[in-house]
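Student: Could you take me through one part of this model up close? I'd like the cut-offs along the way.

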Amino acid sequence: MTASPIVLGIESSCDETGAGLVRDGRLLGHAIASSMDEHVRYGGVVPEIAARAHVHALTPVVRRALDTAGLRLGDIGAVAVTTGPGLSGALQVGLAGAKSLAYALDVPLYGVHHLAGHVAADTLEHGPLPDPCVVLIVSGGHTSLLLVRDLARDPIAHLGDTLDDAAGECFDKVARVFGLPYPGGPAVDRAARDGSARAVAFPRPLTGPGDDPYAFSFSGLKTAAARWAEGHADGELPVADGAAALQEAIADVLTRKAVAACAAHGVDTLVVVGGVAANSLVRALAEERCRAAGITLRVPPLGLCTDNGAMIAAVGDLLVRAGAEPAPLDVSIDPSAPLESAALHPTARIARAA
């Protein structure tokens, strides 16, 4: 029985340039370059700066990934790349690089949905996903509860999504109000260690008896935190307490709804992925509530929670082994693509003269 081809994955949807190499579900090597330091002074990611950084970083990152795996360019048997969602210019850089490599190596190219990559990241640590499983995706731009079966073959069912701000977006925006640095999630996590979550009674959005049990909304929580901070305009802001209370509110809502979804759908495995899955309280509270409910919790290691090329390679590897069709030659990007399946092969619309 011959081994599957080595899949190179390329990720460039935001401010991190990632390359990873996966074969038969095993991570062989990966590398990441971040342009985060260039965005800090602006308090958020600047698309043009991110795209320019990807241009400079892509080739060195692919080389580093190959070096860590002890492989050569000629060992690559397929290329997978993020085709959406994300920043348009950033996605274009990754796709152009992936197309060039696939063409030069004469290997198939697969377009991958960024969020499916986050889901697949867990398989690199814990093996194949149970069929079915509930997946909670929490990141800077996305918060969703999914019912996942065969990631490479089956449609992905949405149980609930955020109606406004994502959890990570709430962290970032409130951190700025609190005077904490960007990115806000890690800054709030650090500040919360010295605070008391009981010091501030922040709301738990959409957790009432008549609310959608699986939908999320963090806009009201963001506003409540801003109003609380404004109330301390004449004195010293107790940042640690505010950070602890904000983190507690977000982690409570996320884990409460995720565990309820598992129980309602008879699923005994919860997978928590995305950048906010690196938050210490989200991980701890998910573990506590899953243990109490008899649910197996799976969370990727910290290095695979944030954007990386390994997770894109993991999806590519699954698609190859499932016999999925490669992307067409005119595959393009979709910066706002909904998550419907792991493969994402949008094609460019060519405007015709009237």
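Student: Which helix does Val119 lie in?

Tutor: Val119 lies in helix α4, residues 114-121. Helices here are DSSP runs of H or I with at least four residues, strands are E runs of at least two, and both are numbered from the N terminus. Some ground rules: this is a predicted model, so local features need pLDDT of at least 70 and side-chain atom pairs count only at pLDDT 80 or more, while totals for chains, interfaces and linings use all residues. Residues are numbered from 1 along each chain as its sequence is written, and side-chain values use heavy atoms, with hydrogens and water left out.

Back to Val119: it counts as buried because its relative accessibility is 0% (buried is under 20% relative accessible area, exposed over 50%, partly exposed in between, with a 1.4 Å probe and protein chains only). Setting aside neighbours within four places in sequence, Val119 is in contact with Leu129, Val135, Ile137, Leu146, Leu151 and Val273, where contact means heavy atoms within 4.5 Å. Ten residues away along the chain is Leu109, and the two C-alpha atoms are 20 Å apart.

Now for the sheet. Five strands make an open, mixed sheet, ordered β3-β2-β1-β4-β5; two strands pair if DSSP finds at least two bridges between them. Its edge strands, each pairing on one side only, are β3 (26-34) and β5 (109-113). Further in, β1 (residues 6-11) and β2 (residues 16-23) pair antiparallel over five bridges, and Ile10 has Ala19 in β2 as its bridge partner.
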